[in-house]
Amino acid sequence: MIVKEFYPVLMVDDVQGLAKFYVANFGFVERFSTDWYVHLQSASSPTCNLALLRGDHETIPPGRKARSGGIVLSFEVANVDHIYTEMKARGLPIVVELKDEPFGQRHFMTTDPAGTLIDVITPIDPSPEFEGFYQS
């Protein structure tokens, strides 16, 4: 697997408040922002990214919803379909089947042996209702 980008996604209660904290104190800028998800990127190091996700959002599989303290590790790859097939063949648990999301990603979720959620993603074009949430 060739990983194009890796960043933590923290599941939190106050997405916007925590985003403001990282922007103000650690030099991040918002690259995508909704009330339930914010993607931050370091202004000085574009390979340094952090995401914040509301812990009760619908994309979190049943039984995995969390508040502050939860984490999802996201791996952005060039071909999520290929990785999905490989991981299924290896017997990794698939907790969210491969699917397209209207906010601009094709992904599936698995877990590591400790139970940490792992989201494997390939960006796709967002649906029209989500295009306006992206900042250039």
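Trainee: Which exposed residues sit on the face of helix 1 turned away from its buried side?

Mentor: That face carries K20 and A24, both of them exposed. Please keep in mind as we go that this is a predicted model.

Trainee: And which residues of helix 1 are buried?

Mentor: The buried ones are V15, A19 and Y22, and because they cover an arc of only 65° around the axis, they lie on the same side of helix 1.

Trainee: What do those buried residues pack against?

Mentor: They pack against four strands, namely strand 1 (3-12), strand 2 (28-33), strand 3 (37-42) and strand 4 (49-54).

Trainee: How far does helix 1 reach, and what comes after it?

Mentor: Helix 1 runs over residues 15-26, and its twelve residues reach 16 Å from the first C-alpha to the last, which is close to the 16 Å expected at 1.5 Å a residue. Helix 1 is followed by G27, whose phi is positive, near 75°.

Trainee: Switching topic, which residues of the largest nonpolar core touch the most other members?

Mentor: That core has 16 residues, and those touching the most other members are Y7, V9, W36, Y37, L53, I60 and V72. Strand 1, strand 4 and strand 8 (117-123) are the elements that give two or more residues to this core, with the largest share, three residues, coming from strand 1. As background, nonpolar side chains tend to be buried together in soluble globular proteins.

Trainee: What about H107, is that histidine buried or exposed?

Mentor: H107, which is found in strand 7 (residues 105-111), is buried, since its relative accessible area is 1% and the cut-off for buried is under 20%.

Trainee: Which side chain does the H107 side chain make a polar contact with?

Mentor: The partner is the side chain of E101, at 2.9 Å. Leaving aside residues up to four places away in sequence, H107 also touches several others, including V80, V96, L98, D119 and I121.

Trainee: Where is G104, and what does it touch?

Mentor: G104 is in the loop between strand 6 and strand 7, and at 8% relative accessibility it counts as buried. Again not counting residues up to four places away in sequence, G104 touches P123, I124, D125, P126 and Y134.

Trainee: Last one: which elements have the lowest and the highest mean pLDDT?

Mentor: The lowest is strand 5 (residues 70-77), with a mean of 83, and the highest is strand 6 (residues 94-101), with 97. The chain averages 89, and 96% of the residues score at least 70.

How values were computed. Residues are numbered from 1 along each chain as its sequence is written. This is a predicted model: local features need pLDDT of at least 70, side-chain atom pairs count only at pLDDT 80 or more; totals for chains, interfaces and linings use all residues. Side-chain values use heavy atoms; hydrogens and water are left out. The expected span of a helix is 1.5 Å times one less than its number of residues. Buried means under 20% relative accessible area, exposed over 50%, partly exposed in between (1.4 Å probe, protein chains only). The arc is that of the directions from the helix axis to the C-beta atoms. Contact means heavy atoms within 4.5 Å. A nonpolar core is a set of buried Ala, Val, Leu, Ile, Met, Phe, Trp, Tyr and Cys residues joined through side-chain atoms within 4.5 Å. A polar contact is a pair of N or O atoms within 3.5 Å; within protein, one must be able to donate a hydrogen and the other to accept it, and residues adjacent in sequence count only if both atoms are side-chain atoms. pLDDT is the predictor's confidence in each residue, from 0 to 100.
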